[in-house]
Amino acid sequence: MDETLAEFIKRTILKIPMTEMMTVLKAWDFLSEKQLQTVNFRQRKESLVHDLVLLCEEKRASVHDAALLDIIYTQFHRHQKVWDVFQMSKEPGEDIDLFDMEQFKSSFVKILRRALRNVTVSFRDAEENSVWIRIAWGTQYRKPNQYKPVYVVYYSQTPYVFTSSCQLKSNIPLLGQALTVASNHHKIVKMDLRSRYLDSLKAIVFKQYNRNFETHNTTVPLQERTLELDIHMDSRIIHENRIEKERVQRVTQETFGDYPQPRLEFAQYKLETKFKSDFNGDILAERKEPLRCLIKFSSPHLLEALKALAPAGIADAPLSPLLTCIPNKGMNYFKIRDK
Amino acid sequence: MEWANDGKTRGGVLAHLERLEIQVNRSRKNLEDLQRAQAVESALGTKIHKLRCLRDELRAEAKQRQARVKASTVNVEPDQTPEISEQEVAKRRKENVKAILQAYRFTGLSGKLTSRGVCVCISTAFEGNLLDSYFIDLVIQKPLRIHHHSIPVFIPLEELSAKYLQTNIQHFLFCLCEYLNAYAGRKYQADRLQSDFAAFLAGPLRRNSLCNLLSFTYKVEPRGQSFPFCARLLYKDLTTALPTDVTVTYQGKRKYCTFCSHD
């Protein structure tokens with residue numbers, strides 16, 4: 001095992017928090033139970049990592065073993081990456097998709113290797129017939145850089161692919177080509193959707209975020225659910241504007257539903273519109289060119305914050321459809337031009 | 001006898017007669033008193049008798065009433081007792097109807113009206129086993145649109161809705177039922193293969209989201225010396241739960257047999 005690999009393994013293990021160390025190592029399944037028992041997990045982290053790297057050297061860990069550990073770490077800490085979403089499409093009238101995971105993997109690797117000799121590709125199967133792919137890019141003459149890999153998450157027989165944001169933008173077309181051909185698709189397009197929360201992105205594009213359905217088997221009919229107003233809490237409190245408050249609650253419930261919103265951190269609106277003003281003599285109103293302006297809404301949980309705006313009295317209900325269409329359209333990047 | 005004193009004898013006789021008279025009167029009075037007492041006694045006696053009879057009657061009636069009340073509470077048939085109110089009857093009828101509506105999901109396709117349209121429930125089943133239920137919440141407007149649903153993303157919902165939702169909603173729902181039931185059946189069979197026949201499998205069962213390609217290695221006898229066979233099942237028709245192509249190969253030799261069940 002050469003020095004660079006040992007260093008890479010050491011740095012990867014160092015990233016793992018002590019509370020997760022055992023879980024991650026067990027999931028990696030590279031060091032045996034016996035070997036792990038020989039290590040003192042109560043010592044200082046640096047010494048522990050040193051001992052573990054020695055064990056890996058003993059067992060002759062390869063680049064692929066190290067890459068697998070990296071995938072597992074990322075799966076545990078998926079929020080540390082920012083994820084983009086791509087959508088693939090087929091030609092109309094194509095045959096039924098008989099997706100074979102092994103064929104997909106070999107086809108994917110073949111296409112990448114054909115273009116780039118120096119590339120490390122690793123796979124790890126995950127839940128719901130999905131696969132996590134880790135790609136470390138190199139160049140014609142340089143070995144792959146293991147510290148800047150790209151992760152791809154793909155659920156079989158779906159048109160969506162989730163990728164961690166890649167700094168080396170030049171490799172994106174190649175990645176896209178490999179994915180489309182290996183998965184029997186024709187075209188791939190980047191969606192205007194980005195977030196750290198991979199599970200929320202999945203919920204948005206797979207349309208799984210609203211799981212409330214009315215059936216005869218539910219015990220509480222949705223219409224009768226009481227609104228969250230404190231009206232009956234204390235008779236000494238009189239609510240002003242009760243009717244308006246109830247209207248706002250109703251409109252909010254119709255727009256956002258009763259379910260927990262998928263988690264996004266921002267929504268960005270790129271405006272290229274002419275300035276509209278009520279004042280006639282305004283300088284800006286005379287501009288013929290559109291005004292370029294970028295508006296970004298940020299929040300630890302953007303959609304829940306938007307949902308709370310009208311009930312809190314900060315905004316009027318109903319909210320602008322530009323804000324409420326985010327999960328439905330699967331976009332949080334918008335370009336707005338004059339029609 | 002010599003009358004010694006005229007006065008005394010005369011006094012004596014008259015007094016004697018008087019005394020006798022008083023005696024007779026006294027005895028007559030006694031007799032009358034006795035008779036009166038006897039009459040009163042007999043009257044009281046009859047009264048006592050009457051009261052006793054009345055008491056026995058009342059006791060008997062009280063017992064009867066108790067027995068009747070007990071019998072009516074033990075009795076299951078509510079219609080027999082006249083005390084069930086109209087409200088209870090209506091409540092029972094409403095519960096009955098609700099139970100029938102809930103039982104409709106066993107037909108495979110059921111629905112419930114919502115404020116904006118209808119929420120359709122497709123309950124899948126395979127060989128008598130009830131499997132997952134899927135929902136489509138439709139908004140009844142022109143054009144008809146889907147508000148939200150729980151159909152898996154790999155089922156061609158957009159394709160089907162583009163073709164049939166506006167023109168023939170019955171066909172749309174039946175097609176969707178077909179796809180979902182077939183998918184549920186394939187998934188159920190693959191899950192059962194993995195769990196119930198794990199001893200026969202010599203490796204992991206390879207599958208995909210639609211469960212329309214299964215690839216596995218198996219032995220005919222779980223513990224014996226039999227050779228492992230590689231099986232590959234293709235389900236090209238997504239509306240059925242049976243494979244269209246089956247390939248079984250024997251590892252080591254390239255001899256294999258292919259069964260194609262489509263014409």
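Predicted model: local features only at pLDDT ≥ 70, side-chain atom pairs only at ≥ 80, totals over all residues.

Analyst: Residues are numbered from 1 along each chain as its sequence is written, chains are lettered from A and ligands numbered from 1 in the order written, and side-chain values use heavy atoms, without hydrogens and water.

User: How many salt bridges does the structure hold over all chains?

Analyst: A salt bridge is a side-chain nitrogen of Lys or Arg within 4 Å of a carboxyl oxygen of Asp or Glu. Over all chains, the count is 26.

User: Which residue forms a salt bridge with A:Glu214?

Analyst: The closest N and O atoms of this pair are 3.6 Å apart, and the partner is B:Lys112. A:Glu214 lies in the loop between helix 8 (198-205) and helix 9 (242-256) of chain A, and its partner in strand 1 (residues 109-113) of chain B, so the pair joins two chains. Helices (H or I, at least four residues) and strands (E, at least two) are DSSP runs, numbered from the N terminus. The partner is B:Lys112.

User: What is the relative accessible area of A:Glu246, the salt-bridge partner of A:Arg242?

Analyst: A:Arg242 and A:Glu246 both lie in helix 9 of chain A, four residues apart. A:Arg242 is partly exposed, at 39%. A:Glu246 is partly exposed too, with a relative accessible area of 28%.

Notes:
Buried < 20%, exposed > 50% of the residue type's maximum accessible area, 1.4 Å probe, protein only.
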